Amino acid sequence: MLAPKSLLLLAGAALSSAARLVVSIPSSQLLPNPSTLPSSTHAILLGPPGVRYDAPIRRDNTFVFNDIPDASYLLTLQSRDHFFPPLRVDVTKAPEEAAQTISAWQTFRGNEWSNKGPSYGTGKGDLIIAVNPIAQKDFYMVRGGFNLLSFFKNPMILMALGSGVLIFGMPYIMDNMDPEAKAEFEEMQKKSPLMGSQGAANQLQNFDLASWMAGRSAPAEGSGSAPSGGGGKKK
Amino acid sequence: MHLPLLGAVALLLQSTTAVFADEAWTIDYHYALLGAPKEETTFFHQPNPSSRASLIYTLSEEGVVGAVNPRDGALVWRQSLKSADIPSNAGFLRGGEGQDVVVGGIGNKTTAWSAADGRLVWTIETPGRIEDLEILELQDASQTPGVKDTIVLTSGNSPSILRVDGASGVSKWTYSIDNGDIPYQVSASATEIFAIVLHKSLLGNIKIKVISLDPVTGRKNDEYTLSSDSELSSTETIISVGANSASPIIAWTDAARTVLKVNIIGTKNVASFNIEKHNEHGVTNVRLHAPFHTNSLAHFLVHFETDISHWGEVYHIDLKKSKVEKAYSLPKINGKGAFSTSTSDANVYFTRISRGQVMTVSSASHGSLGRWALADLGIPVAKGEEAEPIHAVSEVSVKGDSVSAVRSAVFLSTGDWILIREGSPVWQRPELLATTQSAIFASPPEVEAFAQELQLEAHSNPVSAYIHRVTRHIQDWQRLPVVLSSLPQKIRNQLFGTTADSGLTGDVFGFHKVIACACKNGRVVALDAANPYKILWSKQAVELKAGESWNPTFKSASDGILVLEHGVGLQQLQFDASTGEVPSSGAIRVVNPSVGTVQFSLHDGELEANKVGSAASGAIWRFLPGTGERILSLVPRPVNDPVASIGKVLGDRRVLYKYLSPNLALLATANDLTQTVSFYVLDTVSGATLHADTHSGVDLQAPIPSTLSENWFAYSYTSEASDDAPKGHYLVVGEMFESLVPNDRGPLTGKVNSSSLQAPAEPFVMLRSYQVPESVSKLAVTQTRQGITSRQLLAVLPDSSSIVGIPYGVVDPRRPIGRDPTKEEQGEGLVRYGPNIEFDPKWYLNHQREVLDISNIITSPALIESTSLVFAYGHDVFGTRLSPSFSFDILGKDFNKFQMLATVAALAVATFVVGPLVTRKQVNTRWQFA
């Protein structure tokens, strides 16, 4: 994990260092129970070239890094089912102080290293930070398969079904009506603007293109021959 | 006018590859492996003390700790402790009785894991290497109630014994062994802790010294040397000791294995037993099996092995008299066998697994409590080979006086780990695949032969091709009975099944490829890519001595013959891909490179090229890395890398010509002093450098993978923060063109032929660098039959144990920088450049699986153009099928056969129902008058 050469390089710093970083995962909306995280979840602290620490998840949902030498680190958390934000962790030691200072901020990939996000905390010799997942990994693409409910939600299908009911159901309704109501209904239909010989639909159906082209403004009264089946029935 | 066409092109380019929910666990396969389990670190243990259900724990030879469910062989958890500088065989794993943790040690780290889920409980680092580790079964006031402490023995500059608190991992006391003796083992009785150290005498013999310590204070109570005299010359003949048995013992033999000496630790007298021979075959191996529980009977079994047979002898320890007595022996059986010890209350049971039989006896008497004939193990073995049990662990259920059930996890000589329940195998885990060193795709010879015949017809003149075809069809008639008899099955499969149900032959899509894997122990294992959980064949290719490595590499797999080269005498082996047999001499062909080809290889840190057959010996060119630089890797363009189009069609129908040279290689060098990495694109015929780039501040300990395909290359590295780049992992993709002006071939304009040797044209390279969320350890590219399908960059992510397939459109170096793409560029599928690529979870080929330590990915085209087969190996084995531009030439899972048939049927019914209605209506309109 740690190269011997860089170990030597860091040995001087490591001798005095006792900086300890604890990363904990609290319960959050995306992850109500962090204890369900698989045991392969781990945190990586990436330091200067050759320096890299890897901490597996503990029983209490924390990752612990002990004795971190002074440097600027990139902290990433890897989990099977969740994405965690990348963090920048700086470990520094002022010459007059005994303990190292550890600070953590959010960092942004594809941005300058100096571009720091909100701070996660600063500690002397010891820092405990809480990190929440930013997203759940959704691995699977669902095919737009056939679904009966969505099929019937389609307005075109609804319209087709509606007209189907009218075509097949109307004759039966008409047949079962008592003669008076039937006559009344037919009368009403004739009067309606859409139906009947004067109705818009009928006029459109019997539109005389030739006479219109010839310049006649309106067809003469009664010129359209009455359809054999009757407007209502045909519709 | 060309809008629909453009749309189609865009569709091809923008294809986001994704794992479909309905294909996720069916077309991909994964062996979550542990590696070969070691005998002394494998045991049954109850992760939850309140429940009786137990798991099998092991620390494998590969340095992976894990738990396996004995019911189905599924992996419960695992943690890799692999490390480059630690020999893998020096690891320990213990589980204390009634404890919910297992404690393991490797290198200089001792770690306790939660037994149920594998999470870390505590870890400590010791200055010296761990030599032994035990769980202290006895309880005293100083420890947390219910939690048992651990004793660790370390070597190094100051060998010492530590007692570690079982709850917190804090060391309670340390005793240093400072008289120059070699620490060997640690053991504990009910009252004392014993450290066994080896004292080297002047004559080179070894004397066994026992130091007894007070468990509470860690002070030395006593120290004495056993009279082992001159019989002990090396540690090899010391037989390991059952550590926490009621009465710990130490046993050893002389070098010739004729006398067995046993000492009860804590006493000074040594019991001596003669070892008999079997038909003049001397004993080659002696092992000792003792119970691990303090409250069990003080009985143990000694397991003797000769070249042809094995047997066991059971000994009893009389605790009052401190005497060891032989109780009975178990008969000699031919072949190898395995003994395992199990306890139930105080009783001790020994289970013997030998060829064809499982038997359980009580330690008290030799009468068999249960005997089962061993059924077929379900392991493919080569002809004349026997899968021999190497070691086993067992769990015995006892009802009254008889054994009602026995489960044994047996490690076999074939490298498989199997579970036997009363003589019938329950599951098999091919743990040897965890050591795969080389793998290759091969087509079965039948498929290859057919493809060759078709090629023959395509390339001969029409008349002879026609005659050839007619004769082929006549020959096909001979297969009619077979075809007819398999017809019902075929129809059934066609209607309800998937393509994976068919066998190796008769595979129309080319999904059933043979994948041959060469493993560390000298075996070759073959899998079927479309039916991977059934191993096709497994064969010991080379007999290796202990500690010998054979460095196998597959050279080719043409015509269904696998050619394997290995390091043991640089030999070449050939196998038939579908059976594993050595092909008949007629089929063997030696492939020699033709005269005039340029061969290049790495020699002493420099790259050298030679011309085959040229009279003048010596290199035609050399590539010397700069001072302080060393060569990291060399990736040539794949031999089989078909390119469908020589240019890239732009949105406005103009063409950018690709720089397509078959002789390209990508070389990576590193400079340790300046921490820079350089990448060179070389012309391998002339040795010319076509493109070079250097990156500074690079972490050279992190992986630096690279790949090259068609006219583009990709590499990845990890870099330190600098003024112009943040700290993190980078992926760089470069594409080479003949010129950057559309419809212009640059210096090659008007030329039909060009040569690398005469004024070669240099490519114009477009580069884009992206920051990626995690480090990439290996890059590969998908391969399809004709290269029409868009390519996908495959990247192994070791940190998240996964493999992603990155669509080329995402990393395309032609992504416009600093401006939005024009309408034409949008039509090509280009999006504005961003410095950052986040891996979409839908690109994860492994989806929810976790693939550990993948060292290489190989790809192979299927017979259909849309699909590429992918196989990744290393520690885990993972494979899948990819369709980077979706499955445009095959009806996939989204095509619902049943729905189509139902629609046709519904339409037919509707026609029949509505038909009479319409006729009646038509008649009525003519005849009815309102």
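Me: Where do I start when two helices meet, and what is a helix axis?

Reply: An axis is a line fitted to C-alpha atoms, for helices over the stretch in contact, and the angle between two axes runs from 0 to 180 degrees between N-to-C directions. Keep in mind that this is a predicted model.

Me: At what angle do helix 3 and helix 4 of chain A cross?

Reply: Helix 3 (residues 155-176) and helix 4 (residues 179-191) of chain A cross at roughly 130 degrees, and their axes come within 8 Å.

Me: Which residues make the contact?

Reply: From helix 3 of chain A come Met170(A), Met174(A) and Asp175(A), while helix 4 of chain A brings Lys182(A), Phe185(A) and Glu186(A). By class, that contact has three nonpolar, no polar and three charged residues.

Me: Where does UniProt place a "transmembrane region" in chain A?

Reply: The unreviewed UniProt entry gives residues 156-174 of chain A. In the model, residues 156-174 of chain A are 100% helix and 0% strand, with end C-alpha atoms 27 Å apart.

Me: And which residues of chain B does this UniProt annotation cover?

Reply: Residues 898-918 of chain B, again from an unreviewed entry. That stretch of chain B is 100% helix, and its end C-alpha atoms are 29 Å apart.

Me: Where does helix 8 of chain B bend?

Reply: Helix 8 of chain B bends by about 30 degrees at Val914(B), and Pro916(B) follows within four residues. Helix 8 (residues 897-927) of chain B has 31 residues and reaches 45 Å from first C-alpha to last, close to the 45 Å expected.

How values were computed
Residues are numbered from 1 along each chain as its sequence is written. Chains are lettered from A and ligands numbered from 1 in the order in which they are written. This is a predicted model: local features need pLDDT of at least 70, side-chain atom pairs count only at pLDDT 80 or more; totals for chains, interfaces and linings use all residues. Side-chain values use heavy atoms; hydrogens and water are left out. UniProt positions are given in the numbering used here, feature names are shortened, and annotations may be inferred rather than shown by experiment. Helices (H or I, at least four residues) and strands (E, at least two) are DSSP runs, numbered from the N terminus. Contact means heavy atoms within 4.5 Å. Ala, Val, Leu, Ile, Met, Phe, Trp, Tyr, Cys and Pro count as nonpolar, Asp, Glu, Lys and Arg as charged, and the others, Gly among them, as polar. The expected span of a helix is 1.5 Å times one less than its number of residues. The bend at a residue is the angle between axes fitted to the seven residues ending there and the seven starting there.
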